[in-house]
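Welcome! Please take a moment to look over the sequence and the model before reading on.

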Amino acid sequence: MRKRIAVCPGSFDPVTYGHRDIIRRASEIFDEVIVLVSVNHSKNPSFSVTERIDMIKAVTDDLDNIEIDSFNGLLADYVKKREAVAIVKGLRAVSDFEYEFQQALANKKLYDGAETVFLTTKPENMFISSSVVKQIAQLGGDITDFVPGKVKDIIVERFSKRPL
Ligand code: COA
């Protein structure tokens, strides 16, 4: 039978506990999960694509059905090319919904062969976002509860030397 592949896209700038939870849960539902470092054209990333991939690798090394890739194009084209059956996204709050709903509809219009699947974020991760992590790190706060230990030092180090 054909493998059921899901794509988990995002900027991952940087990866957080919230992302890791969604990736782990997707890996239990699908045969294979491609974590896709994608470009959000309205954002100016703080970490290079290679740095983001390395951080995702570090926090998912206990999962054996994960692939990490990057793509600078339309998500729908990538999903089609990889013959994935789903796009998996985490929903944190009602405020995420309108944007995610629009993206899901646009992706479906561009490629009808995959469904967007929303997983509800764990309550303890509801307040996390990559920007919040960067702001706290830049201002010398403690990001222990926001990002896995394996990437914490890399993030702290980056923002102790460089502004957002
Ligand atoms: N827990 C905690 N935080 C989470 C989370 C979770 N489960 N899921 C997402 N977040 C955070 C992210 O860190 C991000 O924080 P930030 O805004 O501070 O950076 C925020 O929620 C938004 O995440 P998301 O909606 O996934 O946006 P994104 O910028 O990470 O990714 C893309 C958006 C890259 C998937 C989208 O722009 C895309 O598909 N780009 C490709 C081009 C394309 O096809 N465009 C047309 C799409 S219709």
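This is a predicted model: local features need pLDDT of at least 70, side-chain atom pairs count only at pLDDT 80 or more; totals for chains, interfaces and linings use all residues.

Residues are numbered from 1 along each chain as its sequence is written, and side-chain values use heavy atoms, with hydrogens and water left out.

Let us start with the largest pocket, which holds about 1,300 Å³ of space. On a 1 Å grid over the protein atoms alone, a pocket is an open set of points where a 1.4 Å probe fits, with protein on both sides within 12 Å along at least five of seven lines; lining residues have an atom within 4 Å of a point. The volume is the space filled by probe spheres set on the points, with grid points joined across faces, edges and corners. In this pocket, 48 residues form the lining, and Gly 10, Ser 11, Asn 40, Lys 43 and Lys 89 lie nearest the centre. Helix α4 gives the most, with nine residues. (Helices, H or I of at least four residues, and strands, E of at least two, are DSSP runs numbered from the N terminus.)

Next come the salt bridges, each a side-chain nitrogen of Lys or Arg within 4 Å of a carboxyl oxygen of Asp or Glu.

| Pair | Closest N to O |
|---|---|
| Asp 21 and Lys 122 | 4.0 Å |
| Asp 69 and Arg 82 | 3.9 Å |

Asp 21 and Arg 25 are four residues apart in helix α1, so about one helical turn separates them. Asp 21 lies in helix α1 and Lys 122 in the loop between β5 and α5, so this pair ties together parts 101 residues apart in sequence. Asp 21 is buried at 5% relative accessible area, while Lys 122 is partly exposed at 34%; buried means under 20%, exposed over 50%, and partly exposed in between (1.4 Å probe, protein chains only).

Asp 69 is partly exposed at 24%, and Arg 82 is partly exposed at 23%.

Which residues surround Thr 121? Thr 121 sits in the loop between β5 (115–120) and α5 (130–138) and is buried, at 11% relative accessibility. Leaving aside residues up to four places away in sequence, Thr 121 contacts (heavy atoms within 4.5 Å) Ile 22, Arg 25, Gly 90, Leu 91, Arg 92 and Met 126.
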